[in-house]
Amino acid sequence: MVSALRTDPFAGAILQVGVLAALAGTVGLSAYGWLAGLLFGVVTVAALGYGLRRSGADRLGPADWVTLTRATLAGGVAALTVDSFREPIVVPVLVVLSAVALSLDWVDGQVARRTGTVSALGARFDMEVDSFLVLVLCGYVADQVGAWVLVIGAMRYVFVAAGWVLPWMRGSLPPRYWRKVVAATQGIALAVVAAGVLPRLLAVAVLLGALALLVESFGRDVGRLWRHRVRPAPRALPAAPVSPAPAGHRPEWTPGVRIARRPAEVGGRHR
């Protein structure tokens with residue numbers, strides 16, 4: 001019998017294909033869109049399976065299924081975004097998928113707490129889905145406001161990459177509700193701008209405000225990691241070499257210096 005460890009992530013691939021098929025049958029999806037969505041689904045299944053093995057869990061929890069649904073919607077947004085680089089897309093569909101995925105971000109947290117299934121894997125899975133959705137939305141709105149908006153989507157990945165180079169960046173951070181608020185703000189701001197309901201100048205102002213919040217949040221985390229970094233122990237200075245005294249010579253006593261006696265001088269006999 002195939003274990004739940006393998007079937008649970010694989011179900012995510014089936015859901016992803018279902019979302020892409022629904023998009024293809026309604027608004028249309030090119031081969032490039034299909035490829036982007038399927039590639040994201042494969043990566044999600046592989047990463048989730050790896051995370052389950054690392055955590056020792058044998059199946060997904062209730063909240064993880066909600067997050068997995070969010071991931072498949074993000075895959076649909078990615079497929080539409082890739083198509084938008086070649087031809088116009090049905091923007092309301094992209095906005096609705098993004099809005100539902102962002103709304104479920106609140107749901108999976110509630111489910112995890114109410115069912116007592118809060119886990120490090122679930123929190124990491126939720127964070128990665130948020131990061132990917134924000135990055136994809138940045139790619140979509142970059143044509144409207146400029147490529148600078150990609151900084152919002154890339155900041156999380158730059159933070160992770162910095163940990164590969166700087167060991168102190170890999171330290172643990174305490175949970176902070178403000179971090180979730182800032183992440184939600186990025187998604188909402190990007191979804192509103194993607195809808196095309198704001199004048200360009202106002203859209204730029206909204207995204208600059210979201211970027212400022214993100215810089216503040218990451219800056220606070222980096223500052224905490226720096227303050228609590230583990231400093232290497234100071235290296236001991238090498239002992240100064242001691243020249244042997246000539247035979248029959250007794251060294252003069254120097255204040256503060258204790259002279260070690262030879263065995264023959266301790267107690268008048270050898271020990």
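Reply: Let us begin with Met-155, which has a relative accessible area of 16% and is buried. The model under discussion is a predicted one.

Me: Why is Met-155 called buried?

Reply: The term applies under 20% relative accessible area. Met-155 has 16%, so this residue counts as buried.

Me: Where does Met-155 lie, and which residues does it touch?

Reply: Met-155 is in helix α6. Leaving aside residues up to four places away in sequence, Met-155 touches Leu-211, Leu-214, Val-215 and Phe-218. Of these, Leu-214 is 59 residues from Met-155 along the chain, and their C-alpha atoms are 8.4 Å apart.

Me: How many aromatic pairs are there, and what makes Phe-40 and Phe-132 a stacked one?

Reply: The count is three aromatic pairs. Ring centres must lie within 6.5 Å, and planes under 30 degrees apart count as stacked.

Me: What does the pair of Phe-40 and Phe-132 tie together?

Reply: Phe-40 belongs to helix α2 (residues 31–55) and Phe-132 to helix α5 (residues 120–145), so the pair ties together parts that are 92 residues apart in sequence. Both Phe-40 and Phe-132 are buried.

Me: Why is the pair of Trp-168 and Trp-226 called edge-to-face?

Reply: That term requires planes over 60 degrees apart. Trp-168 and Trp-226 have 75° between the planes and 5.1 Å centre to centre, so the pair is edge-to-face. Trp-168 lies in the loop between α6 (150–165) and α7 (177–194), while Trp-226 lies in helix α8 (residues 200–227), so the pair ties together parts that are 58 residues apart in sequence.

Me: What lies over the face of Trp-226?

Reply: Arg-229 does, at 3.5 Å from the ring centre.

Me: How much confidence does the predictor assign to the protein?

Reply: The mean pLDDT is 85, and 82% of the residues reach 70 or more. Over residues 1–5, however, the pLDDT is below 50, and this stretch has nine contacts in the model beyond near neighbours in sequence. Where pLDDT is low, the predicted coordinates should not be read in detail.

Definitions and conventions:
Residues are numbered from 1 along each chain as its sequence is written. This is a predicted model: local features need pLDDT of at least 70, side-chain atom pairs count only at pLDDT 80 or more; totals for chains, interfaces and linings use all residues. Side-chain values use heavy atoms; hydrogens and water are left out. pLDDT is the predictor's confidence in each residue, from 0 to 100. Contact means heavy atoms within 4.5 Å. Rings of Phe, Tyr and Trp (its six-membered ring) pair if their centres lie within 6.5 Å; planes under 30 degrees apart count as stacked, over 60 as edge-to-face and the rest as tilted. Helices (H or I, at least four residues) and strands (E, at least two) are DSSP runs, numbered from the N terminus. Buried means under 20% relative accessible area, exposed over 50%, partly exposed in between (1.4 Å probe, protein chains only). A charge sits over a ring if NZ of Lys or CZ of Arg is within 6 Å of the ring centre and within 35 degrees of the ring normal.
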